[in-house]
Structure formats: C-alpha cells, structure tokens
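Here is a short walk through one protein chain. Have a look at the sequence and the model, then read on.

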Amino acid sequence: MGLFELTKSLMSIPSVSGDEKAVGLYLRDHLESLGWTVELQAVSENQNNVIAYLNDSPRVWLSTHMDTVPPFIPPTEDEDKIYGRGACDAKGIIAAQITAAEQLRAVGIEDIGLLFTVEEERASTGAKVANVHPMATRCQFLINGEPTDNDLAIGSKGTFRLNIRTAGKAAHSAYPEEGESAIEKLLDILDDIRHTRFPNDDFFGETTVNIGTIEGGVALNVIPPVAEAGLAIRLTTKREPIEEAVRNVVRDRGEIEILSASEPVRMHEVEGFRQKVVRFTTDIPHLPNWGQPLLLGPGSILVAHTKDEFVLKEDLGTAVDLYVALVNRLLPHRNNET
Ligand SMILES: [Zn+2]
C-alpha cells in the first residue's frame, strides 16, 4: 500500500484517546501481512500498544502514537495535501515510519522495530506500559515521531501543571468589611505571577506560563469565599526552581495543588540534519528504557489539534527519506561499513 493510501486508511479509523482498539488491530493485520512479528501489548481492556519487529533484538526503533485528540475528522485530500484528524498528529507519521521501515528491510536492514502507543494525547499511559517491555533494554535509539516540520528536535520543553486555590470569607456584598474576597486574593497572586521573571535556559529557551482556567465566587452579591486558577508552565529548567518561585509568589495567600510535571528532555543530535528545540511534550519522557531518544516528523504542531489539521504530501515523502537516513546513521554496523 502506498504512503498516502496508508495515511488515509489509518485516518479513516477513529481513534480518539481511549478508543484505539480498532486502529491497533488494523495495524497488526497490516504489519503481519507484510511479514512482521507483531505483539499487542495490553494497556487497558480496550487499548493495546502495537510492537512489531523483524529480528529478536532490534537496536533502532521508530515510534509514535495511534490516538488523536477529538473530534474525529475523516480524511480528504487535494493534489498537495491530506486533511483531517491525525494527518500530521500522528497517522501520517505512522505511515511514513512503516514505509521507511519497509524500504530499509528491502535492502536487508532488519535491525529495526516499530512501536505505536495509545493515550499519548492524555497521560502517555501507553508509553508508561511500553517502557517496561523486555525489548526496551536492547534498544539503543528510539526515533519518535511528532510534527516537527521534518526538523530533528534536539530538545523539548517540559510541562508543569498546577492549580492555585484561595480561600476567603463569604459576606453580603453591601458589607464587604464583614468578609474577605478569595477572588481579589487570587487576582493579586496571578498579577504577581504575570510579573515574575522565571529562570530561562540558553538551550531550551524561555519558560512560559499560561493561566488557562479561572473560576470562583457564588453570586454577584456575595463576597466570594473560594477561587481557583489552573496554570500550565512550559519548563526550560528543572521543575524545582520554578516550583519554588511559584511558592514564593503565592506564600500563605493560597494553596498550590500540583497536577503533573515532566522535565525538559535533551535528545540525540545527528550532524547533517536541520535541528531545533520544540516547545511541546511527547511520549519520550515516559520511555527512558528505550535508549537514546530522537524526535522528527512531518507536518506542523501549529495545525495539529485544530479543525484544519493537514499534512503536505511532499513532507510525508521527505519524512520517509529522513527516517531511512537516520536509521542508516544510527545503526552501528552501517557506520562501520562507511
Ligand atoms: Zn502527537
């Protein structure tokens, strides 16, 4: 099956996070029909990672995720582009990786594996389960795919998600001196957060803060007793100094609830590839047992997760060439030959 046809076939099977069973079975059948050994690794009752290989100890693996964000958008195309959910994030990438693996196999390179995970778009649950698979310990390089505009990502920022909660004292709004406004406290804290200079990093760039949610209060004529804001901080340093800075801003004015955190990751660099740092997080922090990570894929993160998601057909083809070139550079026996 051709690259574009495989991309569209995968996209036409809905696989919003939590609903990846059908696409996993399709991939198993497709890869088995090509002659791969395929394992379904159970993640939950209805979710399986797909793990495929040609020999029993591949040193280089190509990997990405099978799930998408909602809603399902069926594939359409014109001469230049394929549109729809998963075009670049990440079903076009699955198709490009399989096509690259088949090209490598056609010239006798069988030291490769394919790992397709579930739930990357939520909590990377699939990657966490894949991390303890016995094949992991023999893997030297994991080439993960996310839309990087076909650049080799040599670093990705981390994410630190937290809630800040304030408490006040309810009172009739005509007698504010009888109460204490949780919303005004929260606004003061958030204003201080907005004027805080968090540490940056020369390699990873700027630490950025998004105040993503805010709620509080009970009615217009009541001094608000509670308020809460949710923040997502894109980390360019370890989490500790950032958490400490947030605690120093909040002090005893509110409570902090930490929701999740992943550190920024440095990835393997390969000469001769266009390289950059990306701001999004991937499965990679959850796959530490799978050797040194690399990250590259066709398409733009700026259209991923939008209703206008697309991938350029030309970029899919280029991605196949880049995956083939990367594997050739990483496989030790190939390096010795040249
Ligand atoms: Zn993705």
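## Strand β2 and its neighbours

Strands β2 and β6 (residues 112-117) run antiparallel and are joined by four bridges; strands here are DSSP E runs of at least two residues, helices are H or I runs of at least four, and both are numbered from the N terminus. Val50 has Phe116 of β6 standing opposite. Two strands count as a pair if DSSP finds at least two bridges between them.

β2 also pairs with strand β1 (residues 37-44), again in the antiparallel sense, this time over seven bridges. Ala42 has Asn48 in β2 as its bridge partner. With two residues between them, β1 and β2 make a hairpin.

## How covered is β2?

Strand β2 (residues 47-53) is mostly covered, with seven of its seven residues buried. Buried means under 20% relative accessible area, exposed means over 50%, and partly exposed lies in between (1.4 Å probe, protein chains only).

In a regular strand, side chains alternate between the two faces of the sheet. Both faces of β2 are covered: Gln47, Asn49, Ile51 and Tyr53 are buried on one side, and Asn48, Val50 and Ala52 on the other.

Elsewhere, three strands form an open sheet in the order β4-β5-β16, with antiparallel pairing. β4 and β16 (310-312) are the edge strands, as each pairs on one side only. Three bridges tie β5 to β16, and Lys81 has Leu312 in β16 as its bridge partner.

## A negative patch

Which residues form a negative surface patch? They are Asp78, Glu79, Asp80 and Glu314. Patch residues have over 30% relative accessible area and no salt bridge, and like charges are joined within 9 Å. A salt bridge means a side-chain nitrogen of Lys or Arg within 4 Å of a carboxyl oxygen of Asp or Glu.

Asp80 sits in the loop between β4 (76-77) and β5 (81-83). Asp80 counts as partly exposed because its relative accessibility is 48%.

## The whole chain

Stepping back, the protein chain has eight helices and 16 strands. Its C-alpha trace spans about 80 × 40 × 40 Å along the principal axes. Of the 338 residues in the protein chain, 49% are buried.

## About the model

This is a predicted model, where local features need pLDDT of at least 70 and side-chain atom pairs count only at pLDDT 80 or more, while totals for chains, interfaces and linings use all residues. Residues are numbered from 1 along each chain as its sequence is written, and side-chain values use heavy atoms, leaving out hydrogens and water.

Definitions and conventions
Patch = residues over 30% accessible without salt bridge, like charges linked within 9 Å, V, L, I, M, F, W, Y side chains within 5 Å. Areas by Shrake-Rupley, 256 points an atom, 1.4 Å probe, with all protein chains shown as cover. Lys, Arg positive; Asp, Glu negative; His and termini not counted. Charge placed at Lys NZ, Arg CZ, Asp CG, Glu CD.
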